[in-house]
Amino acid sequence: MTSDSDAVAALRREIAGLPVVDARARQSRMAFLAALDHLDRPFDEHADLTHVTASGIVRSDAGVLLHRHKRLGLWLQPGGHIDPGETPPQAALREVTEETGLDAAHVTDPPRIVHVDVHPGGRGHTHLDVRYLLRAPAVSPRPPTDESQDVAWFTLVAAIAIADPGLRGFLLTLRGDGLRPT
């Protein structure tokens with residue numbers, strides 16, 4: 001079993017090696033790494049107002065999956081808090097299933113972080129969001145009744161046009177990845 005300090009060190013290395021896709025990504029990476037310097041339990045949402053969250057940027061032959069956040073009204077990738085005993089890649093998969101009703105899988109083994117964003121998370125929290133690229137079947141989302149019902153597949157161009165600015169820069173990098181549709 002990996003200790004929290006080993007997990008944080010691995011997280012730090014992975015984030016430090018991410019390509020910078022835009023100014024927001026650069027600022028988020030710097031803020032994320034600085035926050036890891038002072039957080040005792042970065043994966044525990046109850047340990048500090050600033051904590052790590054995980055989300056999945058989901059692709060399929062149907063496009064990019066986004067949902068409109070219930071409180072924020074923003075079009076985002078599914079994601080949320082990391083449960084006790086869970087790794088960030090596991091949390092990303094669980095959150096996608098919980099928020100969309102779809103089963104997804106990481107596109108790489110082992111799962112790799114593809115993007116990070118630091119943003120306000122409500123109730124005074126700051127989310128240090130690690131994002132994974134996932135694949136899911138091109139079927140209609142089936143979100144549970146207690147989740148946002150505004151969940152849909154978008155072409156990459158449409159997703160770029162409506163996505164939250166914290167996601168938009170990364171979506172722009174997907175244009176040449178060969179995954180359909182654009």
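Colleague: What does Arg-135 count as at 29% relative accessibility?

Modeller: Go by the relative accessible area: buried is under 20%, exposed is over 50%, and partly exposed is in between (1.4 Å probe, protein chains only). At 29%, Arg-135 counts as partly exposed. Before we go on, some housekeeping: this is a predicted model, where local features need pLDDT of at least 70 and side-chain atom pairs count only at pLDDT 80 or more, while totals for chains, interfaces and linings use all residues. Residues are numbered from 1 along each chain as its sequence is written, and side-chain values use heavy atoms, leaving out hydrogens and water.

Colleague: Which side chain does Arg-135 meet in a salt bridge?

Modeller: Side chains of opposite charge can pair when their charged atoms come close. The cut-off is a side-chain nitrogen of Lys or Arg within 4 Å of a carboxyl oxygen of Asp or Glu. Here Arg-135 meets Asp-61, at 3.7 Å from N to O. Arg-135 sits in strand β7 and Asp-61 in the loop between β1 and β2 (63-68), so the pair links distant parts of the chain, 74 residues apart. Asp-61 counts as exposed, at 58% relative accessibility. Those labels are DSSP runs numbered from the N terminus: helices are H or I with at least four residues, strands are E with at least two.

Colleague: How many salt bridges does a search of the whole structure find?

Modeller: The search gives 12. One of them joins the side chains of Arg-112 and Glu-14, with 3.6 Å from N to O. This pair links distant parts of the chain too: Arg-112 is in the loop between β5 and β6, Glu-14 is in helix α1, and 98 residues separate them. Arg-112 is partly exposed at 44%, whereas Glu-14 is buried at 15%. Then there's Arg-68 with Asp-150, at 3.2 Å from N to O. Arg-68 lies in strand β2 and Asp-150 in the loop between β7 and β8, so parts 82 residues apart in sequence get tied together. Both ends are partly exposed: Arg-68 at 34% and Asp-150 at 38%. You'll also find a network of salt bridges linking Asp-83, Glu-86, Arg-94, Glu-95 and Glu-98.

Colleague: Back to β7. Which sense do β1 and β7 pair in, parallel or antiparallel?

Modeller: Two strands pair if DSSP finds at least two bridges between them. β1 and β7 run parallel over 10 bridges, and Thr-50 has Thr-126 in β7 as its bridge partner. β6 and β7 are antiparallel, with eight bridges; in that pairing, Asp-117 stands opposite Asp-129. They form a hairpin with two residues between them, and Arg-123 in the turn has a positive phi of about 55°. Strand β5 (residues 105-106) joins β7 through two bridges, also antiparallel, with Ala-105 opposite Arg-135.

Colleague: How many of the 11 residues of β7 are buried?

Modeller: Nine, so the strand is mostly covered. Val-130 shows what that looks like: leaving out residues up to four places away in sequence, it touches Leu-11, Ile-15, Phe-32, Val-52, Thr-53, Ala-54, Ser-55, Pro-88, Ile-113, His-115 and Val-116. A contact is heavy atoms within 4.5 Å.

Colleague: Which residues touch the most other members of the largest nonpolar core?

Modeller: In soluble globular proteins, nonpolar side chains tend to be buried together. A nonpolar core is a set of buried Ala, Val, Leu, Ile, Met, Phe, Trp, Tyr and Cys residues joined through side-chain atoms within 4.5 Å. The largest has 28 residues, and Leu-11, Ile-15, Phe-32, Val-52, Ile-113 and Val-130 touch the most other members. Elements supplying at least two residues each include α1 (4-16), α2 (23-36), β1 (50-60) and β7 (125-135). Apart from it lies another core of 14 residues, including Ile-57, Trp-75, Leu-156 and Leu-171.

Colleague: And helices: what should the 13 residues of α3 span?

Modeller: The expected span is 1.5 Å times one less than the number of residues. For α3 that is 18 Å, and its end C-alpha atoms are 18 Å apart, which agrees. Its buried residues, among them Pro-88, Ala-92 and Val-96, pack against β1, β2, β4 (79-81), β5, β7 and β8. Gly-101 follows α3, with a positive phi near 80°.
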